[in-house]
Amino acid sequence: MPMKALRPCREPGCSGYAMPGSSWCAKHRREQERGRRAGQSPLYDTARWRRERALFLRAHPLCEECRRQGRIRAASQVDHIRPHEGDPGLFWDQANWQALCVACHSRKTAAEDGGFGHARRRREEDPARREAVGRELSPRG
Ligand SMILES: [Zn+2]
Ligand SMILES: [Zn+2]
């Protein structure tokens with residue numbers, strides 16, 4: 001197989017070559033992919049998190065948000081009640097953890113990130129925002 005000219009890795013200061021179909025070497029491509037996951041903390045990438053998360057879900061098998069609304073749904077995510085923003089104290093504090101189902105977790109994450117697509121429920125609760133949305137939809141602007 002003829003070798004194409006290798007491109008250097010896009011990471012400044014890296015002497016490696018880009019992987020085929022990528023702008024980064026194997027190492028930096030992994031870092032790029034990791035960083036792209038919604039700006040997640042590297043704390044999620046630890047064996048300790050995986051272990052404690054699994055234990056927590058075993059102890060809290062049901063979605064807490066659904067339970068508050070009188071629904072029974074299996075939890076599959078551990079959510080930080082107060083966003084930890086990379087703070088290890090908040091991150092590891094299980095008093096700050098709650099078990100959520102995928103739907104509740106993504107809704108909460110979207111609301112925290114200010115994502116509009118998933119925050120419909122919030123919008124209904126907030127009259128000011130509903131008004132703003134109404135203006136957006138109005139042709140008179
Ligand atoms: Zn590199
Ligand atoms: Zn739920």
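## Strand S2, covered on both sides

Let's start with S2, which has both faces covered: Trp97 and Ala99 on one side, Gln98 and Leu100 on the other, and all four are buried. Buried here is a count: 20 or more other C-beta atoms lie within 10 Å of the residue's own, while 12 or fewer make it exposed and anything in between partly exposed, with C-beta atoms placed from the backbone. Strands (E, at least two residues) and helices (H or I, at least four) are DSSP runs, numbered from the N terminus.

S2 has a partner in strand S1 (residues 77-80): the two run antiparallel and are joined by four bridges. Strands count as paired if DSSP finds at least two bridges between them. Within this pairing, Asp79 stands opposite Gln98 in S2.

## What kind of model this is

This is a predicted model, where local features need pLDDT of at least 70 and side-chain atom pairs count only at pLDDT 80 or more, while totals for chains, interfaces and linings use all residues. Residues are numbered from 1 along each chain as its sequence is written, and chains are lettered from A and ligands numbered from 1 in the order in which they are written.

On pLDDT, the predictor's confidence in each residue from 0 to 100, the protein has a mean of 80, with 72% of its residues at 70 or more. Confidence is highest in S2 (residues 97-100), at 98, and lowest in helix H6 (residues 120-125), at a mean of 44. Over residues 115-134 the pLDDT is below 50, and this stretch has 13 contacts in the model beyond near neighbours in sequence. A contact means that the C-beta atoms of two residues, placed from the backbone, lie within 7 Å. Where pLDDT is low, the predicted coordinates should not be read in detail.

## Overall layout

The secondary structure comes to seven helices and two strands, and from the N terminus on the order is α-α-α-β-α-β-α-α-α. Of the 141 residues, 9% count as buried. Among contacts with a separation of 6 or more, 31% come from residues 24 or more positions apart.

Helix H2 (residues 47-59) has 13 residues and reaches 19 Å from its first C-alpha to its last, close to the expected 18 Å. That expected span is 1.5 Å times one less than the number of residues. H2 is hardly covered, as the count of buried residues in this helix is zero.

## The nonpolar core

Which residues make up the largest nonpolar core? There are seven in all: Cys63, Ala75, Val78, Trp97, Ala99, Leu100 and Cys104. S2 gives the most to this core, with three residues. A nonpolar core is a set of buried Ala, Val, Leu, Ile, Met, Phe, Trp, Tyr and Cys residues joined through C-beta atoms within 7 Å.

Take Cys63: leaving out residues up to four places away in sequence, this residue touches Arg73, Ala74, Ala75, Ala99, Leu100, Cys101 and Cys104.

## Loops and the N-terminal segment

Ala74 lies in the loop between helix H3 (64-68) and S1. Is Ala74 buried or exposed? Ala74 counts as exposed because 12 C-beta neighbours lie inside 10 Å. Neighbours within four places aside, Ala74 is in contact with Pro61, Leu62, Cys63 and Cys101.

Over in the loop between S1 and helix H4 (88-92) sits Glu85, a residue other than glycine with a positive phi, near 45°. Glu85 is exposed, since it has 10 other C-beta atoms within 10 Å. Pro42, in the loop between H1 and H2, is also exposed, with 11 C-beta neighbours inside 10 Å. The C-alpha atoms of Pro42 and Gly86 are 8.2 Å apart, although these residues are 44 apart along the chain.

Finally, Arg7 is found in the segment before helix H1 (26-36). With 14 other C-beta atoms within 10 Å, Arg7 is partly exposed. Arg7 touches Tyr17 and Ala18, residues up to four places away not counted. The C-alpha atoms of Arg7 and Met19, twelve residues apart along the chain, are separated by 8.4 Å.
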